[in-house]
Amino acid sequence: MAKSEIRSPLPGVFYRRPSPEEKNYKEVGDDVKAGDVVGLVEVMKTYTEVKSDADGKLTAFLAEDEDAIMPGQVIAELES
Amino acid sequence: MPINVITSGFATTIQDLGRPGYYHLGIPMGGAMDRFALRCANMLVGNDEGAAGLECVFMGPELEFTQDCTFAVTGGDLPPKLDGEVLESWTAIPVKAGQKLSFDYLRSGARAYIAFSGGIDTPLDLGSRSTYPIGALGGIDGRAVQPGDTLPLGAADGKAKTGAHIPEKLRRMPARETELRVLPGLYWHRITEASGARFFEETWKVASEADRMGYRFKGGTPLEFVDREPPFGAGSDPSNITDACYPYGSVQVPSGTEPIILHRDAVSGGGYFMIGTVISADMDLIGQLQPNVPTRFVKVDMDTALSARRDRAKALDAVRAHLA
């Protein structure tokens, strides 16, 4: 089992769902494919998708919904 | 022979030192938010200090070179990677046609500048290549750089010195808790003395909305206004004034809650009072502030502002002397 990390290249506010009325993009235990969106980062009035660049099973979120995050911060962990 | 843009990063724009002279018509000067960093990048690759380069916000683009040239990355600490190998910033790096430039995660600051020998040679609009997206001026079709774009380079004059480097002591980056010096005025009289004192005592934080037009701050106590009858032409909110000109660096506080420092893509006027103006010597620092950075505003007088401006001119001269 190889571990990999999903990082946000941008600073800003992290969101786990596309809008307050919708469900989270992903939950712990979900299967994730490369290119899948796991969250959004809001900065400079723009929402940017945070995507996985590997396939695997999501084992943990390291950032909570509405957390302020830094560039390069690990958002989630995968096992593949 | 151009540079191919593979991925564009986030709000990456072509910037030079801007287009002064049209602000009275509502067209801001624009240009690099960290002018010192752009000048340094250009000097490293042997360009005129005002040549056009790329301003990258928080993350870098991925570029493919189709000709040999020299590039340098300055400003925020965004480590360049050439064909995957991490290299030094603030350094002139030669590249061959076919090599690819990408970037690691931003370590500090907010904006990095990439200069290429010869400079980016997109058409001039009102005397500048600076991108002003709101007015669709400069850059490529007046917009931010996109994947699939090609960046034409001008003719390099061969002055680039491979390995030229600007050491850390000659650079300037904001401290962990940033201080921005502010000259109070023009509407200082609109707030109470206690409120004015508190504005300078409290620590504010950069809001996530901060961009090239304005840097917004939050987290401090709302201002208390002096009672008044609104003058003719002013709105009813206590922060409203009869429309006036907005200087670059002016700090407006709509409804007294969140200060906004107008930056290079500023609007030229409007109806919000300004508590003061960030001194010209500290404008570059603002461009290097990430969201949530704690920031204090420090009250200064005109003599201090002018002396700080001279110090910045000396710091630039020191870089010129170092690279000469």
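Predicted model: local features only at pLDDT ≥ 70, side-chain atom pairs only at ≥ 80, totals over all residues.
Trainee: How many residues of chain A are in contact with chain B?
Mentor: Take contact as heavy atoms within 4.5 Å. On the chain B side, 15 residues take part. On the chain A side, the number is 15.

Trainee: Which side chains meet in a salt bridge?
Mentor: The interface of chain B and chain A has one salt bridge by the rule. The cut-off is 4 Å from a Lys or Arg side-chain nitrogen to a carboxyl oxygen of Asp or Glu. Here the N to O distance is 3.5 Å. The partners are K45(A) and D211(B).

Trainee: How many residues are charged on the side of chain B that touches chain A?
Mentor: Divide that side by residue class. Nine residues are nonpolar and three are polar. The charged residues number three.

Trainee: Which strand gives the largest share of the lining of the largest pocket?
Mentor: The largest pocket holds about 720 Å³ of space, and 29 residues line it. Strands 1 (3-8) and 5 (46-51) of chain A and strand 9 (100-103) of chain B each supply at least two lining residues. The largest share is five residues, from strand 5 of chain A.

Trainee: How many of the residues lining the largest pocket are charged?
Mentor: Those nearest the pocket centre are P9(A), G9(B), M59(B), G60(B) and Y105(B). Across the lining, 14 residues are nonpolar and seven are polar. The charged count is eight.

Trainee: Where is L186(B) found?
Mentor: First, its backbone. The peptide bond from G185(B) to L186(B) is cis, with omega near -10 degrees. L186(B) sits in the loop between strand 12 (178-184) and helix 2 (193-201) of chain B.

Trainee: What is phi of E66(A)?
Mentor: E66(A) lies in the chain A loop between strand 6 (56-61) and strand 7 (68-69). Its phi is positive, in a residue other than glycine. The value is near 70 degrees.

Key: Residues numbered from 1 in each chain as written. Chains lettered and ligands numbered in written order. Heavy atoms only, no water. 1 Å grid on protein atoms, 1.4 Å probe; cavity = no way out; pocket = protein on both sides within 12 Å on 5 of 7 lines; lining within 4 Å. Points joined across faces, edges and corners; volume = space filled by probe spheres on them. Helix = DSSP H or I, 4+ residues; strand = E, 2+ residues; numbered from the N terminus. Nonpolar A, V, L, I, M, F, W, Y, C, P; charged D, E, K, R; others polar.
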